[in-house]
Amino acid sequence: MIPASFDYHCPSTLQEAFALAQEYGENAKYLSGGHSLIPMMKLRLASPEHIIDIGRIDGLSYIKEEDGLLKIGALTTEADLEFSPLLQEKYPIITDAVKLIGDPSVRNKATLGGNLAHGDAANDHPAVMLALRAKIIAQGPNGSRSIDIDEFFQGFYTTELTQEEILTEIQIPAAGSGSGSAYHKIERKVGDYAASGVAVNISLANGVCQEIGIGLTNVNPQPLRASRSEDALRGKEVTDELIQEAAKMAGEDCKPTADLRGSVDYKRSITKELTKRMLNLAIERAKA
Amino acid sequence: MKKVTITINGESHTQEVEPRLLLVHFIRENLELTGTHIGCDTSHCGACTILLNDKSIKSCTMFAVQADGAEITTIEGLVTNGNLHPLQEGFKEEHGLQCGFCTPGMIMRSIDLLNHHPNPSEEEIRWGISSNLCRCTGYNNIVKAIQYAAKKMKEETTVEAAAN
């Protein structure tokens, strides 16, 4: 499959990239790892006249803790996330998710920023970032701004980013003691989208839930926060009954569509079951 | 057209290419290195897997212009001084190929896998080659071929260390 013709631009700085995006407007698309955009171009679902390859801009690939935050550069590849000892130890939710994204060769090229900026509710990082209450740092010709993850996803393949803006960094509150996190998705085969996926991040003190984030993958037109489940848990002593109740709410509140991966009822059912299992795993990790 | 310089199997190639030219077509058609295969053309099957700066990638999902300045290894670049790479030898000895269509991709992927896991468990091998499909479904012998190569590469490392 051959994509439509386009002009290729390879800026070496963000400023050059913004200038190109301003010049070509709607006819241009940014390219990073290319594992969402290039397949769409090959299928001619996307035919941008100008490709602005941001893959060679220096300084956008890193994983570090700083100022009470975990900061990840947008061009960090999934493989870099997968093999990061810091993430394995303190942010297992990210390692859990990354291992289920694409496949090992895809992960060598695909980037965290691209996964989020694509705005696809079937991607896994959106739910993880909802659970972690991340902030998205976007830079554009008029400077930098921080976008709350709850404001970032605007609808089907639509995000808060403007035409010229580039997602440059993801900021996550640093994991404290008593916190635990977990992610899992049901997929038919490696590389498939989730039938459902659930991300949980919880912090506990003496068995009482201090803060909780629950994000759901591919069971809603846009990435979904399970708000009612979170509210049911926050400030309460976590019991098996309460976990069961919160899981039931997640199954009820999602809006999956029937497709080859299963019926609506099946997807609601596995969303409920995964929510229960991920709450239990996150709590187990929080106590470890 | 864009001018690109790409090093493949140690040899530098400079060509003018259309930006939309996929890397796999650059390798197969422009350079006539047809050991790298095209299977699904949708980044699922892994037949087009090559090493880009030592990492396995699917060359059907990358433009040649993105590889400007990169070092690429394909299946044709594995033989040294007439000797098969341990993975090539393993696939031969353990009957790791049936029709052979997936084999170049399987081997290129396995090089990256063994870089990360020099002593892989069977589970690590099976997860590690989950980016590649064998439609003959000959996975058991592929796993054995990779185990053979891991053992051989470890022995070679030990011999080299002893020699030094």
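In what follows, Ala, Val, Leu, Ile, Met, Phe, Trp, Tyr, Cys and Pro count as nonpolar, Asp, Glu, Lys and Arg as charged, and the others, Gly among them, as polar. The model is predicted, so that local features need pLDDT of at least 70 and side-chain atom pairs pLDDT 80 or more, while totals for chains, interfaces and linings use all residues. Residues are numbered from 1 along each chain as its sequence is written, chains are lettered from A in the order in which they are written, and side-chain values use heavy atoms, without hydrogens and water.

**Exercise 1.** Determine how the lining of the second largest pocket divides by class.

*Solution.* The lining of the second largest pocket divides into 7 nonpolar, 11 polar and 7 charged residues.

**Exercise 2.** Describe the contact between chain B and chain A.

*Solution.* Begin with contact, meaning heavy atoms within 4.5 Å: 31 residues of chain B are in contact with 30 residues of chain A. A:Asp103 forms a salt bridge with B:Lys58, with the closest N and O atoms 2.5 Å apart. Finally, sort the side of chain B that touches chain A by class, which gives 10 nonpolar, 12 polar and 9 charged residues, with β4(B) supplying the largest share, 4 residues; strands here are DSSP runs (E, at least two residues), numbered from the N terminus.

Technical notes:
A salt bridge is a side-chain nitrogen of Lys or Arg within 4 Å of a carboxyl oxygen of Asp or Glu.
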